[in-house]
Amino acid sequence: MRIAFRVDGSEAIGTGHIVRCLTLADRLSRDGHACQFVVRAHSGTPTSLIEARGYSCAILPDADGEGYDELAHSRWLGTSQARDAAETRAALDGPVDWLIVDHYALDHRWQSEMRAIACHILVVDDIADRVHDCDLLLDQNLQGDRDRYAGLVPAGCRSLLGPRYALLAPRFAELRAKTGAMRPEGAVLVYFGGVDAQGTTLTALNAIVEADLSDRRIDVVVGDLNPHRAAIIEWCRPRGHAHFHGSGTDMPALMAEASLAIGAAGTTTWERCCLALPTILVTIAENQRAGALALAREGAAIWVGDHAEISAATLAAALRTLFAAPHLAEMVANRAARLVDGEGAQRVARAMLDNAIELHPATANDCDRIWEWRNDDRTRRHSRDPSPVALEAHREWFASTLSSPDRILLIGECDGDPVGVLRYDRTGDTAIISVYLVPGREGRGEGARLIRAGSRWLASHWPTVTAIDAEILEINRASAGAFAAAGFSRFLSHYRCPLRPGTQSSS
């Protein structure tokens, strides 16, 4: 498959979005898929991170600073969504199987424009503050839940929510298996991301002095874009126990050897959790607060507050507490480790491949094989009318169905093999769905995937339809489960799924 990533990094954005996309790209590349990146030329855009991993990287021109919309992070894009979509399409120069979008300044308007070249769209989000047009949504944060995205994703979108989907390099899972839960004699690791414009690293280093940790090894990791880099080097120089690490550092190894970390509540959070590293968290951006609070409530980190609210004295007090109470540090480490196992990238890659059900309208050539599937005992036992259908009667019905403007018959295929049949009957702004799997495809979870694919098809081809209704026999629990997994919920005596976020259909 051809897979494209639209993501940015800069002095304002940081490097975390690019790093996690690279992790997913590495996972997909190992499976034989071709990955490429599209980034915009912002101040401090770390294109070297992408190129060093061997990926093609198209760089969009300097932003014009015009066309901002109402999104909270729209200025991170540097231009209008319409211009960015046009330039991204030109940079990709052809269709892609998957478009992966990790950008707080892009929403359903941009994503809808990209449907012209993208067969499927995966959105990576953390903040749930805008509407998306996507097939798959990833929120790896602890506070991610379905209610958080209610009305923000379309019918048929599958959501991957929670830290079990955290995008970590495979090295973390490998070290997790070798590393003990606690390293009481290990180093103190300080890292606040690739930029740390606020200078929180220096605050943490001053806290280490105030807490009198001169007998502890201190590992300080600093990104190339950190504006305080020179001052941090000078802090480390006279201290034999302090070690400065720049870009290219073996971060997994440092984490595996550390006994405690001080850092930001960004994407590195999940790396520390995976390696059972107790952490004193400082939020350095507004969008990190909800995640930090959720971790603190879980007992998986010690959150001391926002960078603008804390001082070296605050951090020093937290350091003294954890070193004086090793049982507390051990509890935090164990609870953190339970959240993340390091297999998230593999789960996301699998979900992308599992989503590859293609739909095409039935043609006259499909008539007899659909009749065979419909008349199979395994299909009929769950039908409202379980009696066999005569072939001639089926052919008459089939011809009538193909000629009806308010009925569509779709066949779902995966890797060229038929999966199931969908029928939609349209009445006003509502469509009624009928679905069954090809005999022998049961028990693979393909029912929900087929229904989700049908919802996406319907949203694209019947734009006046705002809701889909399904009538399910009470005894057919498997079907009810498939519809629930596809975004349907019980509505009076049947199941209903709003087809577009924020829409309501008339009853």
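Residues are numbered from 1 along each chain as its sequence is written, and side-chain values use heavy atoms, with hydrogens and water left out. Because the model is predicted, local features need pLDDT of at least 70 and side-chain atom pairs count only at pLDDT 80 or more, whereas totals for chains, interfaces and linings use all residues.

An open sheet of six strands has the order E10-E9-E8-E11-E12-E13, with parallel pairing; strands (E, at least two residues) and helices (H or I, at least four) are DSSP runs numbered from the N terminus, and two strands pair if DSSP finds at least two bridges between them. Strand E10 (242-245) and strand E13 (302-306) form the edges, each pairing on one side only. On average, neighbouring strands of this sheet are turned by 15 degrees against each other, direction ignored. Strand E9 (residues 218-221) runs parallel to E10 and is joined to E10 by four bridges, and Ile218 stands opposite Ala242 in E10. Helix H6 (residues 200-210) packs on the sheet, where it touches strand E8 (187-191), E9, strand E11 (258-264) and strand E12 (279-283), contact being defined as heavy atoms within 4.5 Å. The direction of H6 makes about 155 degrees with that of E8. H11 also packs on the sheet, touching E8, E11, E12 and E13, and its direction makes about 155 degrees with that of E11.

Helix H11 (residues 312-324) packs in turn with helix H12 (residues 326-339), at an angle of about 95 degrees and with the axes 5 Å apart; axes are lines fitted to C-alpha atoms, for helices over the stretch in contact, and angles run from 0 to 180 degrees between N-to-C directions. H11 and H12 are therefore roughly perpendicular to each other, a term that covers angles of 65 to 115 degrees. Thr321, Leu322, Phe323 and Ala324 of H11 make the contact with Pro326, Leu328 and Ala329 of H12.

The structure holds two cavities of 30 Å³ or more, a cavity being a set of points, on a 1 Å grid over the protein atoms alone, where a 1.4 Å probe fits but cannot get out, with lining residues having an atom within 4 Å of a point. Grid points are joined across faces, edges and corners, and a volume is the space filled by probe spheres set on the points. The largest cavity has a volume of about 60 Å³, and its lining includes Gly16, Arg20, Gln140, Trp270 and Glu271. Helix H1 (16-30) and helix H9 (268-274) each give two or more residues to this lining, the largest share, four residues, coming from H1. The second largest cavity has a volume of about 40 Å³, and among its lining residues are Thr269, Cys273, Leu281 and Ala336. H9 gives the most to the lining of the second largest cavity, with three residues.

The second largest pocket, an open set of points with protein on both sides within 12 Å along at least five of seven lines, holds about 1,200 Å³ of space. Of its 39 lining residues, His382, Ser383, Ser434, Val435 and Tyr436 are the closest to the centre. Strand E17 (430-437) is one of the elements that supply at least two residues to this lining, and E17 gives the most, with six residues.

Note on methods: Parallel < 35°, antiparallel > 145°, perpendicular 65-115°, else oblique.
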